Amino acid sequence: RIVRPAFTVGEMARVQWGFREWIRQAEGDTERHYHRQLLRHYVDILAKSGMRVGEANNLLITDVHPFTDGHGHKNYQLQVKGKTGARVVIPLKSAVASIEAVLELNQYQQTYTGNFRSNRKDKNQNKANWFFRMLDGNRVITLIDQFQIYLRHIRTEKSRYGEKYTLYSLRHFYAARMLEKNVPVFDIARN
């Protein structure tokens with residue numbers, strides 16, 4: 001069994017902060033700018049929810065439900081379907097800004113009428129329903145190539161042991177952080 005590396009807290013901070021400049025560098029190129037913003041929020045949500053990549057890619061807008069927790073804080077409940085069946089994921093409340101940013105990107109995407117680099121035809125009829133969607137409206141198949149380019153850009157491609165980071169490393173980061181915060185293992189596994 002291959003164990004994928006988890007980002008350290010310092011590496012994740014570098015990942016989060018590096019997006020600002022990387023996105024700014026794409027200003028003037030609508031498609032690249034949009035996809036870099038999407039990747040930023042995708043990474044943030046995965047790192048703060050423990051969701052699997054396939055679960056994230058299959059999320060529909062109707063699977064994303066706002067609620068107020070017992071402390072009066074706004075959050076979202078994500079009804080995911082994936083490898084282990086259907087389940088509910090409650091991300092950390094710090095993911096709220098990214099969830100709402102993706103909803104705003106979706107509003108922008110629906111009004112965009114420019115040319116697209118990709119001519120991919122998605123046979124799925126859910127174009128307006130995907131939570132994570134490309135600028136052409138198609139669902140995200142994978143963002144690993146963009147993620148690898150970004151990690152190379154910020155010089156954070158591998159762990160200190162030489163293991164290459166992947167999008168799945170975000171799930172491991174989430175689990176490791178929850179264990180550090182003494183969240184019971186069964187609660188982490190359930191989420």
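Predicted model: local features only at pLDDT ≥ 70, side-chain atom pairs only at ≥ 80, totals over all residues.
Which residues in helix 1 meet which residues in helix 5?

Residues are numbered from 1 along each chain as its sequence is written, and side-chain values use heavy atoms, with hydrogens and water left out.

**View 1. Three strands make an open sheet in the order 1-2-3.** The pairing is antiparallel. Strands (E, at least two residues) and helices (H or I, at least four) are DSSP runs, numbered from the N terminus. Two strands pair if DSSP finds at least two bridges between them. Strand 1 (64-68) and strand 3 (85-89) are the edge strands, each pairing on one side only. From one strand to the next, the twist averages 20°.

**View 2. Strand 1 and strand 2 form a hairpin.** Five residues lie between the two strands. In the turn, Gly 72 has a positive phi of about 85°. The strands run antiparallel and are joined by five bridges. Thr 68 has Lys 74 in strand 2 as its bridge partner.

**View 3. Strand 2 and strand 3 form a hairpin with two residues between them.** Strand 2 covers residues 74-82 and pairs with strand 3 over five bridges, in the antiparallel sense. Gln 79 has Val 88 in strand 3 as its bridge partner. Gly 82 stands opposite Gly 85 in strand 3.

**View 4. Helix 4 lies across strand 1 and strand 2.** Helix 4 spans residues 96-111. It runs at about 70° to strand 2. Axes are lines fitted to C-alpha atoms, for helices over the stretch in contact (heavy atoms within 4.5 Å). Angles run from 0 to 180 degrees between N-to-C directions.

**View 5. Helix 1 meets helix 5.** The axes of helix 1 (residues 9-24) and helix 5 (residues 144-153) come within 10 Å and cross at roughly 95°. The two helices are therefore roughly perpendicular to each other (65 to 115 degrees). Helix 1 brings Arg 14, Val 15, Gly 18, Phe 19 and Trp 22 to the contact. Helix 5 meets them with Gln 146, Ile 149, Tyr 150, Leu 151 and His 153. By class, this contact has six nonpolar, three polar and one charged residues. Ala, Val, Leu, Ile, Met, Phe, Trp, Tyr, Cys and Pro count as nonpolar, Asp, Glu, Lys and Arg as charged, and the others, Gly among them, as polar.

Notes
Parallel < 35°, antiparallel > 145°, perpendicular 65-115°, else oblique.
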